[in-house]
Structures are given as structure tokens and as C-alpha cells.
Amino acid sequence: MQVETSKNPRERIERQWRVTSAFFESAIGSSAALESLLARLYRKDPESLAHAHRVAALATRIGEELGMAERALDDLERAALLHDVGRLVLPDAAGLPAGVSPDQATMARRVEQVRVASEVVKDHPFLKPAAAIVGASLECFDGSGFPGGLRGPEIPVGARVLHVADTLDALTSVCLSLACSAEVANAELVRMAGARFDPDVVAAWLRCSEEVPTALVPWWSAADRMN
């Protein structure tokens, strides 16, 4: 997906340099140091920071249900906290490219935001595993995602979990704003299981969610849905 997503490349380069420099200057070597830096970066946008923390909590909960190892859970949590850092460089309000539909422009911008988030932290030894998770977090289980069109188990499990957690928080926020039941968000995850999302990851979320009717919990496995 090659769509220009910024009308001012120089301004974008400067923003990316500032964010990248902030990570290097902070010499992040612990989760506490990462939290401190993110608090500074998001000081003017507390809701985005709150979203990152909600996604981190959801992702960790799903990962625990899947039986992920402690170190993998730590990397997943850090990836969730970092997954929207690209929006500090390329905000959602960037102009609509000429001749491109709003949906295409939104997806192109989101893909680029994720790429930037991964790029900003990929050279930090402490954050490198998280960067890899973020970089694959828009891949879809059926191979229709970005940037590599990876399919099924080709996608890192942390990225599959982050994709579900990020989408779930967004759907839940919409449900709250429209006064809809949270079951609507869960039903949408089930509808897209096997296509956009790993069905095993969706099933793990439903098993550990207190608000999910038993009838919604998928019984199929990822292996079954891949055949």
C-alpha cells in the first residue's frame, strides 16, 4: 500500500527525529522507564495514553489465557504500550491524499503509523522484541493484512494478540459512546475470527471475559480454520 499520508514530509521527519531521540536519550531498560517516557510523550493527550494502557491490560489478559511465557507476556505488554507511538509522528488528522478514498487513506495512514512506531524503537535492545510485535500487528489471519500479507502462524503470536486487543478496545469505546452492549464488540470479533483475527486468540478472550455468553465462545481451532 503506497499512499502518501503526509502533506509536509519535512515536518514529519522532524517529529520522528524528536520521538526517536526521546527514546534514545531515555536509555530505556525497564518497563518503569518506558512508562515514564510515555507519560511525557502523551502529556497533552492523556486519552491516547489511557487507550495504550487498556490495550496492554487486554493483551496481557489474553496472553495469559493462551499460556504465553512470562518473558513473552512482558514483550507483549510493552508492544501494546508502544503500538500507537506512530501517531505522535503522523497524526490521524493528516490530509486526505488526492484521488484516494477515505477508507484507503485511513488504512494507509494506519499502516504507516505502525511502521513508524516499530521503526522508532527497533534499535533498542530492550524494546526490539516489542517492535517486531508492533510491526506485524496489522497482519490478518487470512493473509489480507499489512505490511507483509502474512498468514496464520506466520504472524507472531504477540502480534495476533495485539491485533485483537487493540480492535477490542476500539470497538468497546464505540459501543460505550452509542450505549450498546459490550456483547456487540465480542460478536464482531467472532464474526471476523478466521479472517482478520486468529480464532484461537478470539476464543481465549471470550473464555476470560466475564461478559460473554457461553454460546459465543468459538469451539474451532486455528488449525481447523486454516484447512
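This is a short exchange about a predicted model and the terms used to describe it.

Modeller: Residues are numbered from 1 along each chain as its sequence is written. Local features need pLDDT of at least 70, side-chain atom pairs count only at pLDDT 80 or more, totals for chains, interfaces and linings use all residues, and side-chain values use heavy atoms, without hydrogens and water.

Colleague: Why is helix 4 called oblique to helix 7?

Modeller: The axes of helix 4 (residues 70-82) and helix 7 (residues 128-135) cross at roughly 60° and come within 8 Å. Under 35 degrees is roughly parallel, over 145 roughly antiparallel, 65 to 115 roughly perpendicular, and the rest oblique. Therefore helix 4 is oblique to helix 7.

Colleague: Which residues make the contact?

Modeller: Helix 4 gives D75, L76, R78, A79 and L82; helix 7 gives P129, A130, I133 and V134. Contact means heavy atoms within 4.5 Å. Seven of these residues are nonpolar, none polar and two charged.

Colleague: Why is C140 called buried?

Modeller: Buried means under 20% relative accessible area, exposed over 50%, partly exposed in between (1.4 Å probe, protein chains only). C140 has 10%, so C140 is buried. C208, at 14%, is buried too.

Terms used
Axes fitted to C-alpha atoms, helices over the stretch in contact; angles between N-to-C directions. Helix = DSSP H or I, 4+ residues; strand = E, 2+ residues; numbered from the N terminus. Nonpolar A, V, L, I, M, F, W, Y, C, P; charged D, E, K, R; others polar.
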